[in-house]
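Here are my notes on this one, as numbered points. Have the model open while you go through them.

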Amino acid sequence: MSLRLPRVIGHRGAKSYAPENTLESIHTAADLGIKWVELDVKLTKDEVPIIFHDDTLERTTNGSGPVADMLYDDIKQLEAGSWYADSFAGVKIPTLEEALDVIYERDLGFNMEIKPCPGREKETAEVALDLLAASWDAHDRLLISSFSHVSLEVACDMAGDWARGLLLEKEMPENLADLVEFFTPKTINFDSETEASAVEALLDFELPLLCYTVNDPMLARRLVNLGVDGFFSDCPDVIKENLPRMH
Ligand code: G3P
Ligand code: MG
């Protein structure tokens, strides 16, 4: 099945307008007319898949310490909204299951970024993919990505025919061609700080190129001119409105 990629994907929901990786952030992206969201998935100590970016709790919650040391019962007591704005006080860290409910309710496409805590690359992918397999059937609107090659290999083994995105850091790996051959990704997802010459080299793979994280419309336009297909953005509405029209 071919992938129906949008030109703009809401990053962590719509991170410029609501606390990242929360149900409110997913709803905000949908309210803005955005068709897909990207969310980060990791595991609690007792292997509950949750939507969360950092390995530790400090930046985006009122808790502290490593996520990998916390039971879900403790995670669900935490508050993940008031660091962002008082109007979001009381917002919680969602489970993957809760996020999927909102994604279905709002009829969104989904880029699930598997973002394991260190040392939990295999089980994070296994648990998250298992849960997703139980309910997801719109495979033209699902992309599984990870910086972790272990997690991505689990995706190949468990869900070989689901679309994968190869996530790259800004320095290109020397074995990039081998990675593309091994993981057979449907997209290459690259950093906006990647050198233009390296972006041009990515075009040779003849795969859709998605760039993270682009909040500046001028940058988005420059990248479109280079041949980039889509963007992850914290303000996806701004990027969408300012892209050149497709002919
Ligand atoms: O998946 C694209 C982007 O989210 C990767 O970086 O750190 O924002 O998860 P990060
Ligand atoms: Mg991410």
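1. Asn21 sits in the loop between strand 1 and helix 1 (23-31), where helices (H or I, at least four residues) and strands (E, at least two) are DSSP runs numbered from the N terminus. Asn21 isn't a glycine, yet its phi is positive, about 55°.

2. Before going on: this is a predicted model, where local features need pLDDT of at least 70 and side-chain atom pairs count only at pLDDT 80 or more, while totals for chains, interfaces and linings use all residues. Residues are numbered from 1 along each chain as its sequence is written, and side-chain values use heavy atoms, with hydrogens and water left out.

3. Asn21 also turns up in the lining of the largest cavity, along with residues including Pro19, Phe52, His53, Trp83 and Pro94. A cavity here is a set of points on a 1 Å grid over the protein atoms alone where a 1.4 Å probe fits but cannot get out; lining residues have an atom within 4 Å of a point.

4. Thr213 belongs to the loop between strand 8 (209-212) and helix 8 (217-226).

5. There are 14 salt bridges, counting a side-chain nitrogen of Lys or Arg within 4 Å of a carboxyl oxygen of Asp or Glu. Asp140 pairs with Arg4, with their closest N and O atoms 2.9 Å apart. Asp140 is in the loop between helix 4 (121-133) and strand 5 (142-146) and Arg4 in the segment before strand 1 (8-11), so this bridge ties together parts 136 residues apart in sequence.

Definitions and conventions
Chains lettered and ligands numbered in written order. 1 Å grid on protein atoms, 1.4 Å probe; cavity = no way out; pocket = protein on both sides within 12 Å on 5 of 7 lines; lining within 4 Å.
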